[in-house]
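Opening the notebook on this one. I want to look up how the chain is divided and what sits around the ligand.

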Protein chains: 2
Amino acid sequence: AEKQREISVSEFFVKNRHLLGFDNKQKALLTAVRECVDNSLDACEEAGILPELRIEIRELAEERFRIAVEDNGPGIVKAQIPKIFGKLLYGSKFHRLKQQRGQQGIGVSAAGMYGQLTTGKPVTIVSRTSPQAAPHLFEVTVDTRKNQPLVLKEEKTEWEKAHGTRVEIEMEASYKKGRRSVDDYVEQTALSNPHCRVLYSPPGQETITYERAVHELPEEAKEIKPHPYGVELGRLMRMFQDSQDRHISTALKNDFSRLTPKVVDDILKIAGVSPKARPRDLDTPAIERVHKAFTKVKIMAPPTNCLSPVGEEALLKGLRLRFKADYYDAVTRPPAVYRGNPFQVEVALAHGGSLPAEELIEVFRFANRVPLQYQASACAVTKAVLSVDWRSYGMQMSKGALPTGPMVLMLHIASVWVPFTSESKEAIAHYPEIVKELRLALMEVGRRLGLHIRRGKREAAEAKKR
Amino acid sequence: AEKQREISVSEFFVKNRHLLGFDNKQKALLTAVRECVDNSLDACEEAGILPELRIEIRELAEERFRIAVEDNGPGIVKAQIPKIFGKLLYGSKFHRLKQQRGQQGIGVSAAGMYGQLTTGKPVTIVSRTSPQAAPHLFEVTVDTRKNQPLVLKEEKTEWEKAHGTRVEIEMEASYKKGRRSVDDYVEQTALSNPHCRVLYSPPGQETITYERAVHELPEEAKEIKPHPYGVELGRLMRMFQDSQDRHISTALKNDFSRLTPKVVDDILKIAGVSPKARPRDLDTPAIERVHKAFTKVKIMAPPTNCLSPVGEEALLKGLRLRFKADYYDAVTRPPAVYRGNPFQVEVALAHGGSLPAEELIEVFRFANRVPLQYQASACAVTKAVLSVDWRSYGMQMSKGALPTGPMVLMLHIASVWVPFTSESKEAIAHYPEIVKELRLALMEVGRRLGLHIRRGKREAAEAKKR
Ligand SMILES: Nc1ncnc2c1ncn2[C@@H]1O[C@H](COP(=O)(O)OP(=O)(O)OP(=O)(O)O)[C@@H](O)[C@H]1O
Ligand SMILES: Nc1ncnc2c1ncn2[C@@H]1O[C@H](COP(=O)(O)OP(=O)(O)OP(=O)(O)O)[C@@H](O)[C@H]1O
Ligand SMILES: [Mg+2]
Ligand SMILES: [Mg+2]
């Protein structure tokens, strides 16, 4: 009987801004820029536009910055601007299974909310959907008590761009150079998105231009239905309840990826359910039998076109550009599934050369092409690297630590839904299927590295004899 | 203009059940039991009742369990039962600053939702608020599309208890013994809550009874107002906007902890704001000046009565019961503040004796008296332990790994709001103030350990000479 109350999503996340990646001032700058850049790249790619991004960071006072991210994307219709920027859990990417950088409907509203929390200032948005449409300027804040947008300003404006979006946020932040800096993030982003042109203006410095290295968009990942493997019973029950199909056989074919008519027949036979049964009328025991039958038939792996891996060639090229090693290797695993979600793991490795031999190895992590700069210790990627016995491949490794040696590892997970350890999207959750795939990829390149290291030692030993 | 949609909290957390601690079957069992036990302990302590808990885990089929947690607490009024169990972000603990195990309004609804997701079964609740009131039985599910409860059953029932609550959840889970098992959790919980009597029935085994070791409740932590240190500008603006006080001087005294009339006068003088100004009428520049002035005056540390640390004596006693070492030490730091939230760090250490000398040290973590069993690598506690140079205290330590040696560390953080790395409440977020306090506590016991180890080596060396 105590004061039981509803808690709004925005109230919850103000109190928990560390869950969104805003735990300290240096990270806040990086997270805000990343959320805006991710949105711009997603929007351009979805609209079939070669992205051109402008990223500006101005220092207004000590620890007070104004960031601006501008793109040449499709723009946002004015009716949607308030909710997109002023409401958490609102967006276009959550309800479909498609590999994109964004997925939660939180990112940019969270960045704006952090700006508002630390400076009281609204987010400023300028957007235009076509040369015929007028550009609009908005100033939006989040009413954190109700998770609703408050529009402080809305007006037509002048803008030289034909279409696109510009987002400005004033916030308390800290700008540092070097490792995990926003400079490093912008550079890594430009390198891993060679189809994008980036004009980057760091505080008090000349604009740096990263020109396009390729002039076509990467193959766009297709949206798909969930794969049956790993879908929970309760989710299946929900899908059948919501299904408009008259027959369960049609529902299964339509609602899932890789359920061919033959496989659907087998499933329903094993489950003892008529193909003509109406999905909404099935009782729980019948749905349980269908759910069990999923695991008793052979279902094809998901189609590769729903994922957009970087590819071994591009991974090797990226490694060679950044590191002077004497051995390079890469592997892209075939698609796998966890909880109905297709995913794909890739690993690239560089060894020897001018890499420091007495240091712990460096591990670079990416998810859906976005570099992960924080929470390495929480990440499934790190867990997988630590779980491999690198000594069996000829490297030094103390208990409980990364191996020591002249090596760089780059790991990428592509998925229609990346399971992160928190809403800040900084580290990968430890789903067993994902850790398993990471280990398989690591052991594959590890074995080949082992051969290389052994061969190197043999040759060194023979050279010594002569 | 793509399909922009609102995402319900429950939909979001179904897709992200790993954020709630339900990523795999073994963890799911532990998380569900923990969320129910936490609620029972909080409820009993708040109502001034010496807790008696019954924890039952029945195996219905392979990987299918029915858990039940029953308490002798104050019970829940029937009007509130649907929302408490069928709606996420609904509870009595979020909006007040008081040290309790629960804080988010998510825990038990998440456990029920996971049960429903994996078995389709509702949560069953029996509750009674007094011998005069009739016990009520409910079966509740979460309508995940709308984050609303669905009551499948509601009826008066018979129950021998005078008051209390019984929660039953059927779920897919896995029961393992040993490290991080639910048996281990129940034992640790009984040990760290000596005022609680626990009857524990593991699957297919005899009931284990943990009798009370003490017969009074621990000192209850007082609810407080936020401390000014670390409160963000936007939060201050919100507080003034919502304030019913006619004068800012009254608002400051009432809305914050440790703002005495003298300190309030100083703050307003420095800020150039009249004590009679109405909080709602202050403009942003004025509030910014007040916000800056907070950092220019000396404000007392928070009162100790808003935190309930375990205490050095109880920590040492707990260590001595569990480990046969030859050296024990403990320290409880004074209260500190991060983001307006008082918190307190305690560390206990055991060394030597029969602890294994060639293993990495063991680290036990607690938050608000709840053992944290997972995500050690993500935790600020682990980060703090790794950041201390244990070699300077005479221990072995490889780069990037925990120290090696016959040592156990137990760390506890008590706070009015514990910042966790995700909604599963498994690891502590890395707020700089918290990591700093952890390090200070660790270095304090580390230094004393160093003296002890050096003395031991000296004595061994002298003994050798003779
Ligand atoms: N620059 C942009 N151009 C076009 N559309 C955009 C742009 N930025 C955001 N949007 C739209 O606004 C929606 C909400 O963005 P937001 O960053 O809050 O969430 P998200 O990208 O869907 O998920 P996440 O929380 O993972 O970032 C997006 O789904 C997208 O449809
Ligand atoms: N056994 C119980 N006896 C009395 N009240 C209870 C009991 N269990 C839950 N409640 C009430 O239900 C509310 C919601 O519980 P829930 O576990 O969902 O959230 P919480 O405990 O507030 O926070 P958290 O998500 O951190 O656990 C609690 O705040 C408490 O008021
Ligand atoms: Mg986004
Ligand atoms: Mg709870």
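Predicted model: local features only at pLDDT ≥ 70, side-chain atom pairs only at ≥ 80, totals over all residues.

Side-chain values use heavy atoms, without hydrogens and water.

Next I looked up A:Gln99. I found A:Gln99 in the loop between strand 4 (90-91) and helix 4 (107-119) of chain A. Buried or exposed, this A:Gln99? A:Gln99 is buried, because its relative accessible area is 10% (buried is under 20%, with a 1.4 Å probe and protein chains only). Its side chain reaches the backbone nitrogen of A:Ser308 at 2.6 Å.

Then I went to ligand 1, which lies between chains A and B. I count 23 residues around ligand 1 (a heavy atom within 4 Å), and the closest include A:Ser92, A:Gln103 and A:Lys425. One oxygen contact of ligand 1 is with an N or O atom in the side chain of A:Ser92, at 2.6 Å. A backbone N or O atom of A:Gly107 is 2.7 Å from an oxygen atom of ligand 1. The protein covers 98% of the 600 Å² of accessible area that ligand 1 has on its own (Shrake-Rupley, 1.4 Å probe). Helix 2 of chain A gives the largest share of the shell, 4 residues.

Note on methods
Residues numbered from 1 in each chain as written. Chains lettered and ligands numbered in written order. Helix = DSSP H or I, 4+ residues; strand = E, 2+ residues; numbered from the N terminus. Buried < 20%, exposed > 50% of the residue type's maximum accessible area, 1.4 Å probe, protein only. Polar contact = N/O pair within 3.5 Å; in protein donor to acceptor, adjacent residues only side chain to side chain.
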